[in-house]
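Please have the sequence and the 3D view ready.

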Amino acid sequence: MSPVNFEQAPILLFWETTKACLLACRHCRAEAIAEGVPGQLTTEEGMRLIDDLRTFTPRFPVIIFTGGDPFMRADLYELAAHARSYGMPIGFAPSVTPLLTREAARRMHEVGAKAVSISLDGADAKTHEGVRQVQGHFFKTEEAVRMLVDEGHTVQINTTVMRSNVEQLADIAALVAGWGANIWEVFFLIVVGRGSQLEELTPQENEDVAHFLFDASHYGFILRTVEGPWFRRVVAQRKGLDPLEDPAVVFDLGPLYHRLSARLRELLGEPGNSRAQSVGTRDGKGILFVSHDGEVYPAGFLPYRLGNVKTDDIVTLYRDSDLLRSIRSATFTGRCGECGYADACGGSRARAFATFGDALAEDPACAYQPVPILG
Ligand code: SF4
C-alpha cells in the first residue's frame, strides 16, 4: 500500500457544527453553551462547505460532525446525508445527553456513520462527573456506549488525561474493553478555554503514561492519542525493544508507569498483540478543523486562523498555507527540530503555539532529549 499523501488532502476534517450543548464540561475547547451563537454556518453554508470538500483529491477526508453537540443542529442528518450522497465518509461526536437516543443511534447508522465517539473522563462517577458537571452522567455514558455497540456502531471512547484522572487510566482501559468499544483515543490536555483551570502532567508523567498506553494497546482495542504524538515515538521505541528487556529499566520510567501497568495486568491479565495506531498525522498534516462560524484552523486546539469557508477555498487554505507546509515537512525548531522522530511524531503543534506563540516550536510536554546526529 502506498503511503498516505497528506500534502493534498487531510484524512480527518473536524466540523464544529455548533457550539450549542446541554453540557458544560470543564476542559471543553468550545466552552459550550445551550444555544447556537450568531454566525453559525447556516444549512446552505454547510451544504456549500460539503460541496467544496469534493475538490479534495485523491480522496475525501472523513467528516467528523462535532460540537458543542452536533445533535443540537436540526439539520444534522440532512448535512450528513448530503456528504454521504458524494460518498464522503462521516463520523459523529455527540455529547451524552437525552438527545442521544436509540433512535438517534439508528439514524446515524442509516445515514452511514463510520464511527461514533463518546467522552469518558473517569473510571467512576465522581471523577467523570467532576469533569462533565452532570450528576448521573457516568452511568448515562456507560448506557450510551453499550447501546451504540448494540446498534452495531464502531465506537470510540475519548478520554482527556488530567491530573484528576491519571491514576484511573488502567481502570478506564478496562472499561473500554469491557463495554465493547473499538477505539480508545487519549487526549493530552492543551491549556485553553476551561481546560486552563486543570493541571497538565509533567513531561516525565507524560512519558510514563505513553508507555502505559503502549501496554494498554495490547487488549483488543485500537489505541491512539491526540496532542500527544510522542506516543508514536514511544511505540517505535517499544517495538524495537528486545522482549526480554524491561521497558521500565531501559527507558528509566517513573512510579506512575509502574502503578498503571501493574493495575492494567491486574484488571486485564495477559496482553495480546498491540493495536497502537501510529499514522503520522498532526495538526495541519492530515487534520483540519472548521469552527461553528466557518473559521478554518489546523486543529481544534490550535487557534491559528487560516481563513473562512464563507469566503475562502478550503482546499487552497489547506494546501497552500506556509505554516501547514512547514508542519507537514516537519520543519521545526528546538528539540523537535533536532529529533529523529520529527516526521513520525513532530510534537503537538497546538501545545507549542499555546506555550511559545510559535506553532513550529518544540513541544514542551515531551520528555525526549534527541541524540545529535553525527555527520
Ligand atoms: S522531541 Fe519533538 S519530535 Fe521528538 S519525540 Fe519529542 S515531541 Fe516528538
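## Residues around the ligand

Ala, Val, Leu, Ile, Met, Phe, Trp, Tyr, Cys and Pro count as nonpolar, Asp, Glu, Lys and Arg as charged, and the others, Gly among them, as polar. By these classes, the shell around the ligand holds nine nonpolar, two polar and four charged residues.

This is a predicted model, in which local features need pLDDT of at least 70 and side-chain atom pairs count only at pLDDT 80 or more, while totals for chains, interfaces and linings use all residues. Residues are numbered from 1 along each chain as its sequence is written.

A residue is near a molecule if its C-beta atom, placed from the backbone, lies within 6 Å of it. Of the 15 residues around the ligand, those that come nearest are Cys 336, Cys 339, Cys 345, Gly 347 and Cys 366. At least two residues of the shell come from each of helix H8 (230-239) and helix H13 (334-338). Helices (H or I, at least four residues) and strands (E, at least two) are DSSP runs, numbered from the N terminus.

## Cis peptide bonds

Thr 57 and Pro 58 are joined by a cis peptide bond with omega about 5°. Pro 58 sits in the loop between helix H1 (43-53) and strand E2 (62-66).

The peptide bond from Gly 67 to Gly 68 is also cis, and its omega is near 20°. Gly 68 belongs to the loop between E2 and helix H2 (76-85).

## Positive phi angles

Glu 227, a residue other than glycine, has a positive phi near 60°. Glu 227 is in the loop between strand E7 (222-226) and H8. Is Glu 227 buried or exposed? Glu 227 counts as buried because it has 25 C-beta neighbours inside 10 Å; the cut-offs are 20 or more other C-beta atoms within 10 Å for buried, 12 or fewer for exposed, and in between for partly exposed, with C-beta atoms placed from the backbone.
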